[in-house]
Each structure stands twice: as structure tokens, then as C-alpha cells.
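Biologist: I would like to learn how to read a model like this one, feature by feature. Could you walk me through it?

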Amino acid sequence: MSDELRLAILDLLDKHSRTGSSNYFEDRQLSSATNKSLQEIQDQLDILESEELVKLAKTMGPNYGARISPKGTLLIERARESVKQDKNRPIGFKQDEEDS
């Protein structure tokens, strides 16, 4: 579940960055968009920051602002490509069969 949430966060941050905005995306916006608690979002942002996938700006008080890093952009692009490839695979066609 946490991996899925981190990918969802990266996806939202990537889409935000593609709008041309130079602003950080607020943790409260991420919480609202994912229907997860603010604490859960902040915990995941801390993990993503430790993996150098996002850059955080911790503001006065308990708030975070986040931007996706180049490494995060690459990871989310690869994840999207993987999803596209899985959707194109015929039903019942397993990865093992493809590789043999």
C-alpha cells in the first residue's frame, strides 16, 4: 500500500511540475487528492526525500511543500510505461511465457 501511495504522490507531483509551476505542491493538497491523512502523506514524503525522489521545503509549522526531483520524474515515467505495457499484454499471457 505504501509503495502505491508513494507512486501516487510522485504522479501528482510530476503532473504539477508539467504545468510549468515553480511552486511547491503542498502536503495538504496531496492529502486531499489521495484521501490519506496529512501525517501519512508527510511520512511518505520523508521516505521519498530520503530516496532523493522529491525535494521538500518544510515551512513554519507542520507543513511541507514538495517538488519532484529529476530522479523521481524518471521513476514515475518508467512506472507509467510499465503500466502501459501490462495493459497491452493479452489476458492470460504471463511474464514467464513471454520470456521463454
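Modeller: Gladly, and let's start from a single side chain. Leaving aside its neighbours within four places in sequence, Leu 48 is in contact with Arg 6, Ile 9, Leu 10, Leu 53 and Val 54. Please keep in mind that this is a predicted model.

Biologist: Which residues touch the most other members of the largest nonpolar core?

Modeller: That core has 16 residues, and Leu 48 belongs to the group with the most contacts to other members, together with Ile 9, Leu 10, Leu 13, Leu 30 and Leu 45. At least two core residues come from each of α1, α3, β2 and β3. The top contributor is α1, with four residues.

Biologist: How do I read the way α1 and α3 meet?

Modeller: Look at the distance between the axes and then at the angle. The axes of α1 and α3 come within 10 Å and cross at roughly 80°. Angles of 65 to 115 degrees count as roughly perpendicular, and α1 and α3 are therefore roughly perpendicular to each other.

Biologist: Which residues of α1 and α3 meet there?

Modeller: From α1 come Ser 2, Leu 5, Arg 6, Ile 9 and Leu 10, and from α3 come Glu 40, Ile 41, Gln 44, Leu 45, Ile 47 and Leu 48.

Biologist: That list includes Arg 6 and Gln 44. Is Arg 6 buried or exposed?

Modeller: For this you compare the relative accessible area with a cut-off, and buried means under 20%. Arg 6 lies in helix α1 and counts as buried at 15% relative accessibility. Not counting residues up to four places away in sequence, Arg 6 touches Gln 44, Ile 47 and Leu 48.

Biologist: And what about Gln 44: buried or exposed?

Modeller: Gln 44 sits in helix α3 and is buried, with a relative accessible area of 7%. With neighbours within four places in sequence left aside, Gln 44 is in contact with Ser 2, Leu 5, Arg 6 and Ile 9. For the whole protein, 29% of the 100 residues count as buried.

Biologist: Let's turn to the sheet. In what order do the strands lie?

Modeller: Along the sequence, the protein follows the pattern α-β-α-α-β-β-α-α, with five helices and three strands. In the open sheet, the three strands are ordered β1-β3-β2, and the pairing is antiparallel. β1 and β2 stand at the edges with a single partner strand each, so one side of each is left without a neighbour in the sheet.

Biologist: How many bridges join β1 to β3, and how many join β2 to β3?

Modeller: Two bridges join β1 to β3, while five join β2, residues 54–58, to β3. Leu 56 stands opposite Ala 66 in β3.

Biologist: Now a question on helix faces. Which residues of α2 are buried?

Modeller: In α2, residues 27–34, the buried ones are Asp 27, Leu 30, Ser 31 and Thr 34. They cover an arc of only 100° around the axis, which puts them on the same side of α2.

Biologist: What covers the buried residues of α2?

Modeller: The cover includes α1 (2–18), β1 (25–26), α3 (38–50) and β3 (64–68).

Biologist: One last item. How do I read the sequence range of contacts?

Modeller: Ask how far apart in sequence the touching residues are. Among contacts between residues at least 6 apart in sequence, 49% join residues at least 24 apart.

Methods. Residues are numbered from 1 along each chain as its sequence is written. This is a predicted model: local features need pLDDT of at least 70, side-chain atom pairs count only at pLDDT 80 or more; totals for chains, interfaces and linings use all residues. Side-chain values use heavy atoms; hydrogens and water are left out. Buried means under 20% relative accessible area, exposed over 50%, partly exposed in between (1.4 Å probe, protein chains only). The arc is that of the directions from the helix axis to the C-beta atoms. Contact means heavy atoms within 4.5 Å. Two strands pair if DSSP finds at least two bridges between them. A nonpolar core is a set of buried Ala, Val, Leu, Ile, Met, Phe, Trp, Tyr and Cys residues joined through side-chain atoms within 4.5 Å. Axes are lines fitted to C-alpha atoms, for helices over the stretch in contact, and angles run from 0 to 180 degrees between N-to-C directions. Angles under 35 degrees count as roughly parallel, over 145 as roughly antiparallel, 65 to 115 as roughly perpendicular and the rest as oblique.
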